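Dear colleague,

Please find below the sequence and structure that I promised to pass on to you. My notes on what was found follow directly after, and I would be glad if you read them with the model open.

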Amino acid sequence: MDYLPLFVDVRTRKVVLIGGGVVAARKAELLIKAQADLVVISPTLCTQLQAEHQQNKFVWLAEDYQSIHLDDAFLVIAATDDALLNETVFYDANERKIFVNVVDDQPLCSFIVPSIIDRSPVIVAISSGGTAPVLARLLREKLETMLPTSLGKMAEIAGRWRHKVKETLTNMRERKRFWEKSFSGRFASLVEKGQFSEAEQQLERQLYEPDNHGELILVGAGPGDAGLLTLKGLRVLQSAEVVLYDHLVSEEILELVRRDADKICVGKRAGNHSVSQEETNALIVKFAQQGKKVVRLKGGDPFVFGRGGEELQVAAQAGIPFQVVPGVTAAIGAAAYAGVPLTHREHSQSITFITGHCRENGMELDWQALARGNQTLAIYMGTVKAAKISEQLIQFGRAENTPVAVIGCGTRREQKVVTGKLDELEVLAQQAPAPALIVVGEVAALHQQLAWFGSQTEDIRWRSAVLELA
Ligand code: SAH
């Protein structure tokens, strides 16, 4: 290890910053945030520093640097564009045994300033020891997305409760369990929603009547590519205690679930239910009533042909608190990865999501409305009924040669897109791997030009090149 990480308390300590330009302004901002007694040495100041000086955020000595400026200093930062001056500051500070940093000049630093993620009072600091600052920055961006902005508030509330919790729960293991449960459970969810007083009530309840309330979170996993999961969805998966998932959820996404969570497949396929909806509902209620954080992970979006509404109604009836994290629904994801824009100013002014799998004796679709031109139909669970769909649409007036696309395993490595005309839909539907989405409308033809993902892309490029030559 080349550097010892430290968090330094600079409140009421003199920190000298030499330089008045934009680089110095960036350092000043951080030092002001950390409440240092800041002294800026520079004949002139940039506009940002001027504005801050007017608000008395630091002392400004409008002079050229002299070593006397370092008297009583705790830390020194040199941020001028004069290399010689920076070097002088470095040697002066070293002689006086004061920590010194010359911005962007690692050999002239006795300390370096890390990249930080500020969720005060929680602060994450990252450093590559000056070897790869861009890598450290990328890492910071990654962590930044993973840490909710509510983290600071959560730590602040926890700080206030720490003493009380210690007095009430005298056993250390019990305390550990209490905080783990709070930071990954309902308390955390309430803070994230900005309901701070309810969050504190939850802590209180948890402290005096532990393990009483679980919760249900519906999470949309998207159509397959794990990159399409939302950041919030990822965070929820990483704090789940029980995950009930569909067969549509990809392996890649299941990999992201917290290691020690119970993962239970409640997958169902049309007509071949492995776990009935009633059994799934019963599992949700059972685990939530055990005080667990239950995540119901669904393919696509939970509210689009996902029975999310029904499951929430069950939770509402049982008095279980719930939340919903939306996902990218199959039509949006698969169409994007197939290069089929669902609307297009020249071809389609509206888009309708329909299901090809209706309940027995359920409502018939409004074929007359669906058969009108200038619109796109995205048909879920439609491959089995492809013959009927094309027959009805044509009978009610949609042209036989309307372009169609069948997108199998959309957004996944195995994605396969088959295109053709409406009157060929039945055959096309048999050629795409399940799960598959049917797109009916002029936009489907754009796949030929706009395909960008998956193995068929090269075929198409090659075919168009051949066509062009011919
Ligand atoms: N809630 C899901 C839909 C569930 S219904 C969502 O919002 O996407 C199941 C149907 O979704 C499948 O029969 C298929 O038509 C479609 N589907 C789901 N994932 C798909 C994928 N990766 N590619 C194409 N279609 C998909």
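Ala330 sits in helix H13, which spans residues 330–338; helices here are DSSP runs of H or I with at least four residues, strands are runs of E with at least two, and both are numbered from the N terminus. With a relative accessible area of 24%, Ala330 is partly exposed, a class that lies between buried (under 20% relative accessible area) and exposed (over 50%), as judged with a 1.4 Å probe and the protein chains only. Leaving aside neighbours within four places in sequence, Ala330 is in contact (heavy atoms within 4.5 Å) with Pro223, Gly300, Ala335, Tyr380 and Leu437.

Before going further, please keep in mind that this is a predicted model, in which local features need pLDDT of at least 70 and side-chain atom pairs count only at pLDDT 80 or more, whereas totals for chains, interfaces and linings use all residues. Residues are numbered from 1 along each chain as its sequence is written, and side-chain values use heavy atoms, with hydrogens and water left out.

Turning to the ligand, 19 residues surround it, and the closest are Val304, Thr329, Ala330, Gly410 and Ala436; a residue is taken as near when one of its heavy atoms lies within 4 Å. A backbone N or O atom of Ala330 lies 2.8 Å from an oxygen atom of the ligand, a backbone N or O atom of Met381 lies 2.9 Å from a ligand oxygen atom, and a polar backbone atom of Pro223 is 3.0 Å from a ligand nitrogen atom. The ligand taken alone exposes 540 Å², of which the protein buries 92%, with areas from the Shrake-Rupley method and a 1.4 Å probe, where for residues only the protein chains shown count as cover.

The unreviewed UniProt entry places a "binding site" feature at positions that include Pro223, Val304, Thr329, Ala330, Met381 and Gly410; UniProt positions are given in the numbering used here, feature names are shortened, and annotations may be inferred rather than shown by experiment. Val304 is in the loop between strand S13 (293–298) and helix H12 (308–317), and counts as partly exposed because its relative accessibility is 22%. Beyond its neighbours within four places in sequence, Val304 is in contact with Thr329, Phe353 and Tyr380.

Met381 lies in the loop between S16 and helix H15 (386–395), and its phi is near 50 degrees, a positive value in a residue other than glycine. At 39% relative accessibility, Met381 is partly exposed. Strand S16 (residues 375–380) also holds Gln375, which is buried, with a relative accessible area of 8%.

Two peptide bonds deserve a look as well. The one from Ser120 to Pro121 is cis, with omega near 5 degrees, and Pro121 is found in the loop between strand S6 (115–119) and strand S7 (122–126). A cis peptide bond also joins Ala434 and Pro435, with omega about -5 degrees, and Pro435 is in the loop between helix H16 (425–431) and strand S19 (436–440).

Finally, the domain assignment, whose bounds come from an automatic or database source, gives domain 1 (14–113), domain 2 (150–208), domain 3 (215–328) and domain 4 (331–450). The C-alpha centres of domain 1 and domain 3 lie 53 Å apart.

Conventions: Polar contact = N/O pair within 3.5 Å; in protein donor to acceptor, adjacent residues only side chain to side chain.
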